[in-house]
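Here are my notes for you, as promised. Please keep the model open while you read, and check each point against it.

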Number of protein chains: 2
Amino acid sequence: MEVARPMLMAELSRSSGVPVATIKYYLREGLLPPGTATSATRAEYGERHLRRLRLIRALLEIGEIPVAAIGHILAVVDDESASLHVMLGAVQYALGPHPTPPAGAEADQDWQAASHEADVLIAGLGWTVAANAPARTLLVATLAALRRTESAPPGPSLRAYAEAMAALAAVEVASLDPGGHADEGARVVLAESAVVGMVLRERVLLALHRLAQEDASSRRFA
Amino acid sequence: MEVARPMLMAELSRSSGVPVATIKYYLREGLLPPGTATSATRAEYGERHLRRLRLIRALLEIGEIPVAAIGHILAVVDDESASLHVMLGAVQYALGPHPTPPAGAEADQDWQAASHEADVLIAGLGWTVAANAPARTLLVATLAALRRTESAPPGPSLRAYAEAMAALAAVEVASLDPGGHADEGARVVLAESAVVGMVLRERVLLALHRLAQEDASSRRFA
């Protein structure tokens, strides 16, 4: 959808499929940069606005990220001094779910054991992940829940899951590499790819995991 | 928590941690079988009721499965003529999300192409999965969304995801195998293990996938 010439608001709405009232809301919230004023009541918009609208929709509709958090992501996208790693992190950290440690986690034996288990795993794999990564908290919360449940089946080791995920993630991240300098347009496209890739591929993973279980169960128990 | 002797309602509540009012609700809904009446106003409950309460809580709290759907799962658990495969399926099919095909899916090119892609994948892997498996619909809905999005990064092939999931699922399902005859008690424990295993391991998968992405991004972009 390449539009070389400038557009008025109505045309930006038509080209993007975003209603005029919504575009005005994004302008007020600072999610969309202002157009170029051509008179007191008219402004022109360009390709940059179309790209930005597409990114906002992907963050909202696919990532289900709240508008307030989208502002933070867009600020990182616009900050060319932020590395691509920081930008991908801004997108991923905004994705739910966001469990929080329970009250009194420091005294919770299951939580502490789960936290230690996660540390040992991450160190053993040599992974570089932030101590405050939401996915780390999600992992600890889930491992703590498994510890609290008497009926958790043994299943594969945590390490087996982690190695399978590392192999997939390496290809996923490589496929996001813009190769060389990422200008403003490339950064916006990359951020959009990141949210689409991360959210939809997680759902592919979930669906295939369940189908693989059905097949394995069919072989063993049918 | 082995309790050999029969219990009155108050003791069943204490032992299970489920409030008396909730136990009465489960009895009314038929989720919990009645106790053995010892007088017009008293009934005794046993180990079987404790196990059943634990399963109901796992389905509700971990699986987030609605009470109406739990009744169906419990009926399959109680039906000893139902194979373990059918029982595991009853649990898994009740887990969300449950996307439905869009209106006019037959005429939706992206949906049809995604559906064909899923068929080719499943046939290529030689997987045995039901045509109406909710996870199949989830896969098709997600593949259709990826087709609709201009900015999906290529990433690993669908087959690479599927093979990684098959390797994990085979070990997961094997760890559910009761080995030999599964009596009523074993079936209830197995159903509970299935919901705990499926739901919590999906969350482990999700968390490790994100942490693996963070590490891969750190190596490549930081």
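The points below cover salt bridges and then helix packing.

1. A word on conventions. This is a predicted model, in which local features need pLDDT of at least 70 and side-chain atom pairs count only at pLDDT 80 or more, while totals for chains, interfaces and linings use all residues. Residues are numbered from 1 along each chain as its sequence is written, chains are lettered from A and ligands numbered from 1 in the order in which they are written, and side-chain values use heavy atoms, with hydrogens and water left out.

2. Salt bridges overall. Over all chains, the search of the whole structure gives 26 salt bridges (a side-chain nitrogen of Lys or Arg within 4 Å of a carboxyl oxygen of Asp or Glu). The next points take up some of them.

3. A pair across two chains. A:Glu150 and B:Arg54 form a salt bridge through their side chains, at 2.7 Å from N to O. The pair joins two chains, because A:Glu150 lies in the loop between helix 7 (134-148) and helix 8 (158-174) of chain A and B:Arg54 in helix 3 (residues 47-62) of chain B. Helices here are DSSP runs (H or I, at least four residues), numbered from the N terminus. A:Glu150 is exposed at 56% relative accessible area, and B:Arg54 is partly exposed at 29%. For these words, buried means under 20% relative accessible area, exposed over 50%, and partly exposed in between (1.4 Å probe, protein chains only).

4. A pair within chain B. How far apart are the closest N and O atoms of B:Arg148 and B:Asp108? They are 3.0 Å apart, in a salt bridge. This pair links distant parts of the chain, 40 residues apart: B:Arg148 is in helix 7 (residues 134-148) of chain B, and B:Asp108 is in the loop between helix 5 (84-94) and helix 6 (109-125) of chain B. B:Arg148 is partly exposed, with 44% relative accessible area, whereas B:Asp108 is buried at 18%.

5. A pair within one helix. B:Arg159 and B:Glu163 meet in a salt bridge of 2.8 Å, N to O. Both lie in helix 8 (residues 158-174) of chain B, four residues apart, about one turn of the helix. B:Arg159 has a relative accessible area of 37% and B:Glu163 one of 42%, so both count as partly exposed. Elsewhere, A:Arg54, A:Glu192 and B:Glu150 are joined into one network by salt bridges that share partners.

6. Helices 3 and 4 of chain A. The axes of helix 3 (residues 47-62) of chain A and helix 4 (residues 67-78) of chain A come within 11 Å and cross at roughly 135°. Axes are lines fitted to C-alpha atoms, for helices over the stretch in contact, and angles run from 0 to 180 degrees between N-to-C directions. The two helices are therefore oblique to each other (under 35 degrees is roughly parallel, over 145 roughly antiparallel, 65 to 115 roughly perpendicular, the rest oblique). Among the residues that meet are A:Leu55 and A:Ile56 in helix 3 of chain A, and A:Ile70 and A:Leu74 in helix 4 of chain A (contact means heavy atoms within 4.5 Å).

7. Helices 6 and 8 of chain A. The axes of helix 6 (residues 109-125) of chain A and helix 8 of chain A come within 11 Å, crossing at roughly 50°, and these helices are therefore oblique to each other. Residues in contact include A:Glu117 and A:Leu121 in helix 6 of chain A, and A:Arg159 and A:Ala162 in helix 8 of chain A.
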